[in-house]
Each structure stands twice: as C-alpha cells, then as structure tokens.
Amino acid sequence: MPKVETFDRDIILSQATTAFHDLGYNATSMQDLVDATGLNRSSIYNSFTSKKNLFLECLKFYENKNNREISKKLLKASNGFEAIQHLFEFYIYEMTKASDDKGCLIVNCKSEMANHENTITNFLTSNQQRMLELLEDLIFQGQQDHSINKLQSASAYALYIYSSIQGFRVTGILVTEPSKLKSISKTILQTLI
C-alpha cells in the first residue's frame, strides 16, 4: 500500500524551490533539501522519486506562482503597450524587493541545465513558448489598439521582447537600482512605440 503524504506539498515545494534557487540544481545536495524541507531522504524519494523530479516540480511551482502574479498585473492594463509595461514593472519589483536576489530560477536554469536533461529542456521549451505566445497576443492587441507600432510583426516583436526580458533578468542580478532598471526597460519599450 502506498504511503500517504503527511505534509503540505506546496510548502515543501516552496522550501525546496528556495534551496534550488539559492544554490542552483547541481550544487543543491539531498542534504540541502532535507535541511530546507524538514523531510527525511526517504520521504523526498517516496514523494518525488528523484532530485531531478523534485526540481522539475519546483520549476512548475515557481512558474505558476509567477504566472498568477503576472496575470494580476496584466488585468490592470488598458492597452497592449501598457500590459507589456506592467510586465516589466513586475520584473523590476521582483529584482529589487530583496537585496540578495539570485535572479529568476527559470533563467538561471537555462544557463545551468538547458540541453543537459531532456525533461528540463522540455519544460524550458514549453515555458518559452507560453511566454512568446503571451507576448505575441499582447503585442497584437497593442497593434490593434494603436498603442504599438506595426513596423514589425507581432511575432518578431514578441521574440525581441522575450530576448530582452531574459537579458534584463540576468542584468538585474547585479544591477538592482530601480532607476537604472526603469531606464533599461524604457529603452527596450521605446522600440514598440
């Protein structure tokens, strides 16, 4: 008979996500995960089967949490351009809220693990595709409401903004002054007007 989990899975995922975010996948040991979650090794293996599977669940947990926050921001936008502005505001807030920011877990994962583990690469590819689709929809909306120019296609602008966000998130690891980050985002966004 399978054992029943006696812990709150979301709390454990949050704790494990913090450990992976602090150290990176490769540097996070099982002992680090035991210390972070308070679970013993056998409970971790029984519930998640492996460190890699736990990490994959943490990536999904992190993605879902960010997506909920981004959705709240986007609902406040009155046009496509403003929605993309709100997206950058969200990232600036995320980058400046803590002095020990380790960057975006997903962006960090791309640098550390893309093309090394198929399941992780598949997650990263799907995450990227979802983000590109969101950006393309927002840009298309902006082109329809005339808040974004039509010099490029919505898909070309989406790829540009996505690439810019990736670089922006990496830059934000060391550049944490809100005024500098706002200046960078303003420069990126000027392409759309």
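Modeller: With a term. Two residues are in contact when heavy atoms of theirs come within 4.5 Å. Note too that this is a predicted model.

Biologist: What phi does the residue just after α2 take?

Modeller: The helix α2 spans 30–37. Just after α2 comes Gly38. Its phi is positive, at about 80°.

Biologist: Let us step back to the whole fold. How many helices and how many strands are there?

Modeller: From the N terminus on, the elements run α-α-α-α-α-α-α-α-α. The count for the protein is nine helices and zero strands.

Biologist: What box do the C-alpha atoms fill?

Modeller: The protein has 193 residues, and 42% of them count as buried. Along the principal axes, its C-alpha atoms fill a box of roughly 60 × 35 × 30 Å.

Biologist: What share of the contacts with a separation of 6 or more comes from residues 24 or more positions apart?

Modeller: Start from contacts with a separation of 6 or more. Keep those between residues 24 or more positions apart. They account for 66%.

Biologist: Ile120 is among the residues with the most contacts inside the largest core. Is Ile120 buried or exposed?

Modeller: Ile120 lies in helix α7. Buried means under 20% relative accessible area. Ile120 has 0% relative accessibility, so it counts as buried.

Biologist: How far apart are the C-alpha atoms of Ile120 and Leu59?

Modeller: Leu59 is one of the contacts of Ile120, leaving aside neighbours within four places in sequence. Along the chain, the two are 61 residues apart. Their C-alpha atoms are separated by 8.9 Å.

Biologist: Which residues does Phe55 touch, not counting those up to four places away in sequence?

Modeller: Phe55 also belongs to the residues with the most contacts inside the largest core. Neighbours up to four places away are not counted. What Phe55 touches is Phe20, Tyr25, Leu105, Cys109, Met113 and Ile120.

Biologist: Against which helices do the buried residues of α6 pack?

Modeller: Helix α6 covers residues 105–113, and its buried residues are Leu105, Ile106, Val107, Cys109 and Met113. Those residues pack against α1, α4, α7 and α8.

Biologist: His21 is in helix α1. Is His21 buried or exposed?

Modeller: His21 touches Tyr62, Lys102, Gly103, Cys104, Leu105 and Asn108, not counting residues up to four places away in sequence. The cut-off for buried is under 20% relative accessible area. The relative accessible area of His21 is 18%, so His21 is buried.

Biologist: Turn to the loops. Is Thr49 buried or exposed?

Modeller: Thr49 sits in the loop between α3 and α4. Its phi is positive, near 70°, in a residue other than glycine. Exposed means over 50% relative accessible area. Thr49 has 51%, so it is exposed.

Biologist: And what is the relative accessible area of His146?

Modeller: His146 is placed in the loop between α7 and α8. Phi of His146 is also positive, near 70°. His146 is exposed, and its relative accessible area is 67%.

Technical notes: Residues numbered from 1 in each chain as written. Predicted model: local features only at pLDDT ≥ 70, side-chain atom pairs only at ≥ 80, totals over all residues. Heavy atoms only, no water. Helix = DSSP H or I, 4+ residues; strand = E, 2+ residues; numbered from the N terminus. Buried < 20%, exposed > 50% of the residue type's maximum accessible area, 1.4 Å probe, protein only. Core = buried A, V, L, I, M, F, W, Y, C linked by side-chain atoms within 4.5 Å.
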